[in-house]
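Visitor: I am new to this structure. Could you show me how to read its features, one by one?

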Amino acid sequence: MVASRMSKVFKPGDHVEWNSEAGRVRGVILRKVVSNTRFKGYIRHASKDDPQYTIKSDKTDHIAVHKGKALKRVKVGNRRARVRTNS
């Protein structure tokens with residue numbers, strides 16, 4: 001299998017991050033989608049060469065489907081520290 005240059009390859013259990021309308025979201029890959037599938041009323045076009053991934057959000061348990069190029073692998077527990085300043 002030759003992966004497309006634009007797409008990244010992930011496997012179930014990988015922790016990933018992606019951008020949504022509400023900001024950055026983190027979750028875990030549930031499965032790799034390698035054929036066209038219907039999700040929430042829409043056809044998601046996927047193939048072995050250009051797979052999509054079913055992901056479950058860590059915070060909301062929301063299920064989403066995204067292409068590999070929209071995802072970034074993250075380490076579990078690798079959260080950005082928020083710095084608060086008192087002005």
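**Strands, sheet and core**

Guide: From the N terminus on, the chain runs β-β-β-β-β-β-β, with 0 helices and 7 strands. Helices (H or I, at least four residues) and strands (E, at least two) are DSSP runs, numbered from the N terminus. This is a predicted model, where local features need pLDDT of at least 70, side-chain atom pairs count only at pLDDT 80 or more, and totals for chains, interfaces and linings use all residues. Residues are numbered from 1 along each chain as its sequence is written, and side-chain values use heavy atoms, leaving out hydrogens and water.

Visitor: What order do the strands of the open sheet have?

Guide: Two strands pair if DSSP finds at least two bridges between them. Here, 5 strands form an open sheet in the order 6-5-2-1-7, with antiparallel pairing. Strand 6 (63-67) and strand 7 (72-73) stand at the edges with a single partner strand each, so one side of each has no neighbour in the sheet. Strand 2 and strand 5 are joined over 6 bridges, and Ile29 stands opposite Ile55 in strand 5.

Visitor: Which residues make up the largest nonpolar core?

Guide: A nonpolar core is a set of buried Ala, Val, Leu, Ile, Met, Phe, Trp, Tyr and Cys residues joined through side-chain atoms within 4.5 Å; buried means under 20% relative accessible area, exposed over 50%, partly exposed in between (1.4 Å probe, protein chains only). The largest one has 9 residues: Phe10, Val16, Trp18, Val25, Ile29, Tyr53, Ile55, Ala64 and Leu71.
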